[in-house]
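Visitor: I have a structure here that I have not looked at before. Can you walk me through it?

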Amino acid sequence: MATLTQIERALDALGDPTRREVFKRLRNGNRSVREVADGMNVSRPAVSQHLGVLKAAGLIAVRVKGTRRLYGVDPHGIETLRSWLDGFWNETLLAFKQEAEKEAMKGRKLR
Amino acid sequence: MNAPNDPNSVKKMVYVQAPQEIAWRVFTEKMGAWWPLAFYKIGKAPAVDAVIEPHPGGRWYERGNDGSTCDWGTVLAWEPYSRLLLSWDVSADWQYDPLLKTEIEVRFIPDGTNATRVELEHRKLDRYGARRDEMRRIYDTEGDWGRLLAAFAQLAATVKQ
């Protein structure tokens, strides 16, 4: 299960405005460090460092393509945050409601 | 129906467009089809099913994709199709602890023939001791983006200092 530490790490990572900008730049797909740094007022090593923090927080993942390291959003990290926002019982009961209504619908169609 | 000030209990209600019997069956027999197993599981293996054995004293557990099982709690009361009482023995570190014994009561209340009000109470949260408030927050949180923004604002303030 998502521990609070994980969630806090993710929220902490996004608490920094430059890091949020780095994160936002990955929303359209995988990017190399250079591509992320392009047009930003931050040095490439600093961008690397920010990417490292986002990765440790589980928000992004690295893919190696040949000699290139590409960074992209980690959907699992986002889901973890989302489930924390929704809350345990809210999320669980909503999922139950959807399944029960699907099942009831099936029964109605048979009649 | 809420007693929002009870620090040892979380109450939730969901209104389901399904007859009482179907609501009960989906809850108890098909839990693996709807329980958010990707997040709310405690075993090492990826979980593929959640099972409630249909009798008092029955196990409540998850099954991993390698066939392993990991207990969550037990059935304390089994009253089809109206009331289910389970113990939830998952610690604040998301480990099975048979001595924990928090309780989850689920009531299925018919609303006409085609709808059911499902009331859930998660209680005895005092069993979490010093970590009660932390756990209560996880169980109780409403999906509320305002909270996320507040958390951001708070963190941003901390970062600036």
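Guide: We can go through the sheet, the loops, the helices and the cores in turn. Keep in mind that this is a predicted model.

Visitor: Start with chain B. How many helices and strands does chain B have?

Guide: Chain B has four helices and seven strands. Along the sequence they follow the pattern β-α-α-β-β-β-β-β-β-α-α.

Visitor: And how much of chain B is buried?

Guide: Of its 161 residues, 26% count as buried. As for contacts in chain B with a separation of 6 or more, 36% of them are between residues 24 or more positions apart.

Visitor: What do the seven strands form?

Guide: The seven strands of chain B make an open sheet with antiparallel pairing, in the order E1-E7-E6-E5-E4-E3-E2. Its edge strands are E1 (10-16) and E2 (47-52) of chain B, each of which pairs on one side only. On average, neighbouring strands in this sheet are turned by 20° against each other, direction ignored.

Visitor: Which residue in E7(B) stands opposite B:Val10?

Guide: B:His122 stands opposite B:Val10.

Visitor: Change of topic: loops. Where is B:Tyr81 found?

Guide: B:Tyr81 is in the loop between E4 (69-79) and E5 of chain B. A cis peptide bond joins B:Pro80 and B:Tyr81, with omega at about -5°.

Visitor: Why does B:Trp94 count as partly exposed?

Guide: B:Trp94 counts as partly exposed because it has 13 C-beta neighbours inside 10 Å; a residue with 12 or fewer would be exposed, and one with 20 or more would be buried. B:Lys101 has 14 such neighbours inside 10 Å, so it counts as partly exposed too.

Visitor: On to helices. Which strands does H1 of chain B lie across?

Guide: H1(B), residues 20-29, lies across E1, E2, E5 (83-88), E6 (102-111) and E7 of chain B, running at about 155° to E6(B).

Visitor: What is B:Ala23 in contact with, leaving aside neighbours within four places in sequence?

Guide: B:Ala23 is in contact with A:Ala100, B:Val16, B:Ala18, B:Phe108, B:Thr116 and B:Val118.

Visitor: How many residues does the largest nonpolar core have?

Guide: The largest nonpolar core has 31 residues, and A:Ala100 and B:Ala23 have the most contacts inside it. The elements giving two or more residues to this core are H6 (88-110) of chain A and E1, H1, E2, E3, E5 and E6 of chain B. H6(A) gives the largest share, six residues. Apart from this core lies another of 17 residues, among them A:Ala10, A:Leu26, A:Ile60 and A:Leu81.

Visitor: Last one, in chain A. Which residues of H2(A) are buried?

Guide: In H2(A), residues 17-24, the buried residues are A:Arg19, A:Val22 and A:Phe23. Seen down the helix axis, the buried residues of H2(A) fall within an arc of 100°, so they line one face.

Visitor: And what is on the face turned away from the buried side of H2(A)?

Guide: That face carries the exposed residues A:Pro17 and A:Lys24.

Notes
Residues numbered from 1 in each chain as written. Chains lettered and ligands numbered in written order. Predicted model: local features only at pLDDT ≥ 70, side-chain atom pairs only at ≥ 80, totals over all residues. Contact = placed C-beta atoms within 7 Å. Arc of directions from axis to C-beta. Pairing = 2+ DSSP bridges. Axes fitted to C-alpha atoms, helices over the stretch in contact; angles between N-to-C directions. Core = buried A, V, L, I, M, F, W, Y, C linked by C-beta atoms within 7 Å.
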